[in-house]
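Please find below a note on the structure, arranged as numbered points. The chain as a whole is treated before two individual residues.

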Amino acid sequence: MEKNLFYKNDFEWVRSAPDPFILFEDGWFYLYSTEIKNGVLKGYKSRDFAVWEDLGVIYQRDDKYWATGRFWAPRVVKYPKDGKFYLYCACSGDGEIGLPEGTSLEKSNSLFASAIKDRLHLTVLVSDRPYGPFREWTGKRKIEKFYHGKSLGVFDDEVTLTSGPIFDFANAPAGWETNKEHFSENGTNIFAQLDPCPFIDDDGEMYLYFVRSRDLNDNEHKHGCWGVKMLDPVTPDYNTLVFLVQPGYYTVGGKPAPNTIDDDIINEGVFVQRHTTQKTNGEKRTKYYLTYTRCGMGCAYYSACLALADAPLGYPKGSEEAKNGGFVKLPEKYGNPIHYIEAINDYGNHFVAAPSYDLFESTGNAVFFRAGDENFLVSLCTVKIPEKKSRNFVIDRWLWSYNEELKIDLPHSNGPTQASLQPCPSVATGYRNIAKEAGIFVDAEKIGCLNDGYVAIHPRDDERVFYSEKEGFEIEIRFETPRIVRAVLVYNTWDESRAFDGIEEILLKNGEEVFSEGEILFPKEYYTSDGAVRPGGAAVWQGKERVVKTIVLRFKRNPRKKEVGIADIAILGK
């Protein structure tokens, strides 16, 4: 198969990329990930996900910089007002560097002193180009400062390489409210942060989301997601700092949430996007979609989950939806988690990846991005393959799915997929999936689930799979006018007991002209050694460009199976 048409999540090009983030800019996909060593960030770029170019070092820490290591989870945004690229990441300093004003190591016991030393902060790097080199942001700004939750006024502030962390969330009103009880007892004021997520809304307003990292002040499960409005890329409005998502609860301090969508200790890997649902009657509903990751990396329950709100910093306190403000987690019945692997209870409460996931054991920290008219997400995965065991990334497609009960669109992931051919982005190949523009028929009956874009990854997707009990059957794909076709992908069901083994014949027709292609097998490589079907695999026909009006797929059912299933059909063409 041509590498300029398909890519695979097979970890061939990038050895390791923890906490991945992808920015699409000027026709290139830029990949950023956690440091390779203290104060060194690498970058990669690709046109098509199939081939990645190593950009080398895109950031090298200045020897004078207060932050000395743990440059984790970088995320980049292009700020429209100056055209520069701002990279946000977590980092740490040595000893008392950046100690919040009012914190006393002398009053702290050894455990708190250790927590102070090991805490994480956020920092901001800047570049004129998405591929760097990035440098530490330094400069002057006007900023309102706080001490123990009370405003000290607005000051001219100069940020230098040695002036310490650029943000002081510990003394902001909401930050201090969280810490004040512990401060009076222990003389500490820790407010560690990681996993930053910059977001620019449609109105141009900027927000910064992050995770308050667990520390020894946190005995109320506050390793959760916070947000603040930004006046510019480096200046928060501390008055707007708010707790958005709390581990173990549907809302902050609200009703307990089940572990099917949550973890009572960790909600991390925050990401926020805005989407407007537009119904056929013209009615519109705008929501903010906050993605958080439950559990810790390496657990099979490590999954991307979803919470909703009507505003970028959640519902206000006292609202009907969230009494203490913030976002509302989506119940499981609506498709939460939204991106995950199947987990099974191996023994006791130990959950491991289902047999169909033999290449990696968990995936989370999902970041959504768009290229052309296609939606993609990149997520962190922990690789099982002995010679490649690492933290790496997988890229999958997703789509908006309208929910009749909630009356809004919800994201549906077509992943995570493992080592199976997936179409490269249409912005790179010039070919897009035109299957939705055709009618798909079986025995003259139109089957809508075969070109709805949903790939069956999980058992819960089974209702969108077409099944046939016939010994042999045909699927006919009809376009109203002739189209240029380059490739056809027929996605299998998730269930190995009902998976098809291949397509007996493919006919491409245009009037009297008929092109016949022989048997197209479902590759053996898409099965695990135990015979399970790896999710998201397709039987693929690829040829030179053909002008086609009708495509006929002929299946011959394996007599050992009562029925076979087809999850979806994609046609790459113009």
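1. What does the accessible surface of the protein chain come to, and what percentage of it belongs to carbon and sulfur atoms? The surface amounts to about 23700 Å², with 47% belonging to carbon and sulfur atoms; such areas come from the Shrake-Rupley method with a 1.4 Å probe, and for residues only the protein chains shown count as cover.

2. This is a predicted model, in which local features need pLDDT of at least 70 and side-chain atom pairs count only at pLDDT 80 or more, while totals for chains, interfaces and linings use all residues. Residues are numbered from 1 along each chain as its sequence is written, and side-chain values use heavy atoms, with hydrogens and water left out.

3. The protein chain contains 3 helices and 38 strands.

4. Along its principal axes, the C-alpha trace spans about 85 × 55 × 45 Å.

5. Of the 574 residues, 60% count as buried (under 20% relative accessible area, with exposed meaning over 50% and partly exposed in between; 1.4 Å probe, protein chains only). Among contacts (heavy atoms within 4.5 Å) between residues at least 6 apart in sequence, 62% join residues at least 24 apart.

6. E268 lies in strand β17, which covers residues 267-278. Is E268 buried or exposed? E268 is buried, because its relative accessible area is 13%. Leaving aside residues up to four places away in sequence, E268 touches D195, V211, H223, Y292, T293, C295, Y302 and N365. The side chains of E268 and H223 are joined by a polar contact of 3.3 Å (a pair of N or O atoms within 3.5 Å; within protein, one must be able to donate a hydrogen and the other to accept it, and residues adjacent in sequence count only if both atoms are side-chain atoms).

7. S516 is placed in strand β35, residues 513-517. With a relative accessible area of 46%, S516 is partly exposed. S516 touches E505, I506 and L507, not counting residues up to four places away in sequence. A polar contact of 2.6 Å links the side chains of S516 and E505.

Definitions and conventions: Helix = DSSP H or I, 4+ residues; strand = E, 2+ residues; numbered from the N terminus.
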